[in-house]
Amino acid sequence: MTNDESPSIIAASAGERPRQGKDIAMKKLAVVDRGVCVACGVCVKNCPKGAISVYRGCYAAVADEKCVGCGLCARQCPAGCIAIRERSEGK
Ligand code: SF4
Ligand code: SF4
């Protein structure tokens, strides 16, 4: 550290976590309209992350922590019931 650095600059750089590539890629999330889903499983077969499954043969459910928001499931869904949304803060 040099004597030129002000304490506020040092505090800001120490306290803020820099955005990593993974954070940026996971800004979006697949959301299923369960009332429209026909539980066909097409989305399950097309998800590269294994992030979506058919829950008890009733509707597709997304594992938030695995989904990267790529949209492949939404493009293949015959019922058009998957939307890609921005993740809310902390999700
Ligand atoms: S592809 Fe669409 S209709 Fe089929 S299980 Fe997935 S969300 Fe439901
Ligand atoms: S958006 Fe991509 S990662 Fe997320 S459930 Fe759909 S296919 Fe899987």
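The legends below describe close-up views of a predicted model.

View 1. Of the 91 residues in the chain, 12% are buried. Where contacts link residues at least 6 apart in sequence, 62% of them join residues at least 24 apart. The mean pLDDT of the chain is 81, with 69% of its residues reaching 70 or more. Residues 1–21 have a pLDDT below 50, and beyond near neighbours in sequence this stretch makes 2 contacts in the model.

View 2. The largest nonpolar core comprises 11 residues, namely A30, V32, C43, C47, A51, I52, A60, C67, C73, C77 and I82. Within this view I82 can be followed to its partners: residues up to four places away in sequence set aside, I82 touches A30, V32, C43, C73, A74 and C77.

**View 3. The hairpin of strand 2 and strand 3, with R56 between the strands.** Strand 2 (residues 52–55) and strand 3 (residues 59–62) run antiparallel and are joined by 4 bridges. Across this pairing, S53 stands opposite A61 in strand 3. The hairpin has 3 residues between its strands, and R56 takes a positive phi near 50 degrees there. Most residues other than glycine have a negative phi. R56 lies in the loop between strand 2 and strand 3, and R56 is classed as exposed because its 8 other C-beta atoms within 10 Å fall within the limit of 12 or fewer.

View 4. The loop between strand 1 (28–32) and helix 3 (42–46) contains A39. A39 is a residue other than glycine with a positive phi, near 60 degrees. With 16 other C-beta atoms within 10 Å, A39 is partly exposed, because that count lies between the limits of 12 or fewer for exposed residues and 20 or more for buried ones.

View 5. V44 lies in helix 3 and, leaving aside its neighbours within four places in sequence, is in contact with I52, S53 and V54. The C-alpha atoms of V44 and A60 are 8.1 Å apart in space, although the two residues are 16 residues apart in sequence. V44 has 15 other C-beta atoms within 10 Å and is therefore partly exposed.

View 6. V31 belongs to strand 1 and, not counting residues up to four places away in sequence, touches V62, A83 and R85. V31 and A83 are separated by 52 residues in sequence, yet their C-alpha atoms are 5.2 Å apart in space. Because V31 has 17 C-beta neighbours inside 10 Å, it counts as partly exposed.

View 7. G69 is placed in the loop between strand 3 and helix 4 (72–76). Beyond its neighbours within four places in sequence, G69 is in contact with M26, K27, K28, L29, A30 and I84. The C-alpha atoms of G69 and A83 are separated by 9.6 Å, the two residues being 14 residues apart along the chain. G69 counts as partly exposed because it has 19 C-beta neighbours inside 10 Å, whereas a buried residue would need 20 or more.

How values were computed
Residues are numbered from 1 along each chain as its sequence is written. Chains are lettered from A and ligands numbered from 1 in the order in which they are written. This is a predicted model: local features need pLDDT of at least 70, side-chain atom pairs count only at pLDDT 80 or more; totals for chains, interfaces and linings use all residues. Two strands pair if DSSP finds at least two bridges between them. Helices (H or I, at least four residues) and strands (E, at least two) are DSSP runs, numbered from the N terminus. Two residues are in contact if their C-beta atoms, placed from the backbone, lie within 7 Å. A nonpolar core is a set of buried Ala, Val, Leu, Ile, Met, Phe, Trp, Tyr and Cys residues joined through C-beta atoms within 7 Å. pLDDT is the predictor's confidence in each residue, from 0 to 100.
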